[in-house]
Amino acid sequence: MPKTSFLRPAEAVRLCAAVAALTATLSTALAHGTVQSASPANGAALDTPPTEIRLNFSEALEPAFTSVKLLNAAGQAVPTPEKAHVEDGKTVVLPLPALSRGSYKAQWMSVGHDGHHIHGDLDFTVK
């Protein structure tokens, strides 16, 4: 008859802790950068036109591969006084010209330090 062996309680606890630590490590390693906050906020209806777009990311970005393009309601590019730049490694800032009333979309893309491409957009309206 085969002998059945079970883990002792202390061994079972150590095994569970090791599996949990491995799972947490893999989850962190597989995560990609995301926008943690934005100004203006996505979907914002503003009484006063913003002077800049500011996107705060969860991880460091590669400045050479980071850009933001502003489009008007017709989908045409809105010229900006400067290109977007990365501050503090994780914040992208796009200075804006004086915006008139209307709807706008900021399309952003970047590459995180992990080499993954990330992109998205943010919509806002100036009343």
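Modeller: The dialogue below moves from the whole chain to single pairs of side chains. This is a predicted model, in which local features need pLDDT of at least 70 and side-chain atom pairs count only at pLDDT 80 or more, while totals for chains, interfaces and linings use all residues. Residues are numbered from 1 along each chain as its sequence is written, and side-chain values use heavy atoms, with hydrogens and water left out.

Colleague: How many of the residues are buried, as a percentage of the protein chain?

Modeller: A residue is buried under 20% relative accessible area, exposed over 50%, and partly exposed in between (1.4 Å probe, protein chains only). Of the 127 residues in the protein chain, 27% are buried.

Colleague: What share of the contacts in the protein chain with a separation of 6 or more comes from residues 24 or more positions apart?

Modeller: Contact means heavy atoms within 4.5 Å. Residues 24 or more positions apart account for 61% of those contacts with a separation of 6 or more.

Colleague: How many salt bridges does a search of the whole structure find?

Modeller: A salt bridge is a side-chain nitrogen of Lys or Arg within 4 Å of a carboxyl oxygen of Asp or Glu. The search finds four.

Colleague: With which side chains does Arg54 meet in a salt bridge?

Modeller: One partner is Glu52, at 3.0 Å from N to O. Another is Glu87, also at 3.0 Å, N to O. Arg54 lies in strand 3 (residues 52–57) and Glu87 in strand 5 (residues 85–87), so this pair ties together parts that are 33 residues apart in sequence. Arg54 is partly exposed at 25% relative accessible area, as are Glu52 at 28% and Glu87 at 29%.

Colleague: Which parts does the pair of Lys105 and Asp123 tie together?

Modeller: Their side chains form a salt bridge of 2.9 Å, N to O. Because Lys105 lies in strand 7 (residues 102–111) and Asp123 in strand 8 (residues 117–126), the pair ties together parts 18 residues apart in sequence. Lys105 is partly exposed, with 26% relative accessible area, and Asp123 is partly exposed, with 30%.

Colleague: Which residues do salt bridges that share partners join into one network?

Modeller: That network consists of Glu52, Arg54 and Glu87.

Key: Helices (H or I, at least four residues) and strands (E, at least two) are DSSP runs, numbered from the N terminus.
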